[in-house]
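Open your viewer, get ready to select residues by number, and follow along one stop at a time.

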Amino acid sequence: MSTGVRNVVLVHGGFVDGGGWEQVHALLTRDGYSVSIVQNPTLSLEGDAAATRQVLDQQDGPAVLVGHSYGGAVISEAGTHAGVAALVYIAAFAPDKGESVNTLIADPPPGAPVPPILPPQDGFLFLDKEKFHASFAGDVSPERARFLADAQVPWGVDALAGAVSEPAWRLTPSWYLVATDDHMIPPPAQRAMAERAGATVTEVAGSHAIYESQPRAVADLVKQAASAV
């Protein structure tokens, strides 16, 4: 393991939980990193940022803070924590001040894939189970995709609407992995957010679930960030 930051905090996105980071966790811990995984309640951005800060408080030194999808909004909000040395966005939203996931997805470009989000049920969102594999996890096994679809975590509409107050990427160096086969967040939107954030960008062929399908690429980018700061 090279010199640099040794703590990594992983933040999951909507519809899933932190278990999806298992392979990334295994690769990083094998290389000597101390890895913590935030289990977002996904009820509100404020609550998820608080859960993330709680985990950051437990670190014994600076940390690389990693977010996937909606987790990018969470790390943008929580990443102003004094212990954060670098931000890593994995096919993630990177909202600016006053922006939310809702505002970032409000006006998709013509021809862009539209995530199969069902109408809200009691204030929560789910993806259509029958379309989950193709939209969210096209390059994982059908069996794994079916499990993820059946194990969906209800995503609170308040979490989508939560606006970032002071985006951490304006203060902290960032890295961004663009998933070029993503059918949830269009790759051009990922590139635009990464460019706006001044992030160091890597592009990898993979679905929105690239943290599961390409865990080595994800772990390598995290290690790159950890060794650079």
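## Stop 1: along the strands

Select residues 7–11, strand β1, together with strand β3: the two run parallel and are joined by five bridges. Strands here are DSSP runs of type E with at least two residues, helices are runs of H or I with at least four, and both are numbered from the N terminus. Two strands are said to pair if DSSP finds at least two bridges between them. For one example of this pairing, click on V8, whose bridge partner in β3 is V64.

Before going further, a word about what is on your screen. This is a predicted model, in which local features need pLDDT of at least 70 and side-chain atom pairs count only at pLDDT 80 or more, while totals for chains, interfaces and linings use all residues. Residues are numbered from 1 along each chain as its sequence is written, and side-chain values use heavy atoms, with hydrogens and water left out.

Now select residues 63–68, which are β3. How many of its six residues are buried? Six of the six are, so to speak, under cover: β3 is mostly covered. Buried means under 20% relative accessible area, exposed means over 50%, and partly exposed is in between, using a 1.4 Å probe and protein chains only.

In a regular strand the side chains alternate between the two faces of the sheet.

Pick out L65 and you will find it opposite L87 in β4. Strand β4 is mostly covered, with seven of its seven residues buried.

Keep going to residues 174–179, strand β7. Four bridges join β4 to β7, again running parallel, and Y89 has Y176 as its bridge partner in β7. Because six of the six residues of β7 are buried, this strand is largely enclosed by the rest of the structure. Both of its faces are covered: S174, Y176 and V178 lie on one side, and W175, L177 and A179 on the other.

Finish this stop with residues 200–204, strand β8. Five bridges join β7 to β8, and the two run parallel. Here V178 stands opposite E203.

## Stop 2: helices that cross

Two packed helices are described by the angle between their axes and the distance between the axes. Axes are lines fitted to C-alpha atoms, for helices over the stretch in contact, and angles run from 0 to 180 degrees between N-to-C directions.

Select helix α2 (residues 45–57) and helix α3 (residues 71–78). They pack at an angle of about 65 degrees, with their axes 9 Å apart. The two are therefore roughly perpendicular to each other. Angles under 35 degrees count as roughly parallel, over 145 as roughly antiparallel, 65 to 115 as roughly perpendicular and the rest as oblique. Show the side chains at the contact: L45, D48, A49, T52, R53 and L56 come from α2, and A73, V74, E77 and A78 from α3. Contact means heavy atoms within 4.5 Å.

Now move to helix α1 (residues 22–30) and helix α10 (residues 215–228). Their axes come within 9 Å and cross at roughly 45 degrees, which means that α1 is oblique to α10. To see the contact, show Q23, V24, L27, L28 and R30 of α1 with P215, R216, V218, A219, V222 and K223 of α10.

What is the crossing angle of their axes? The axes cross at roughly 125 degrees and come within 9 Å, which makes α5 oblique to α6. On the α5 side, select K129, E130, F132 and H133; on the α6 side, select P142, A145, R146, L148, A149 and D150.

## Stop 3: a single residue

For the last stop, click on N102, which lies in helix α4 (residues 101–105). Is N102 buried, exposed or partly exposed? N102 counts as partly exposed because its relative accessibility is 35%. Leaving out residues up to four places away in sequence, N102 touches L160 and A161.
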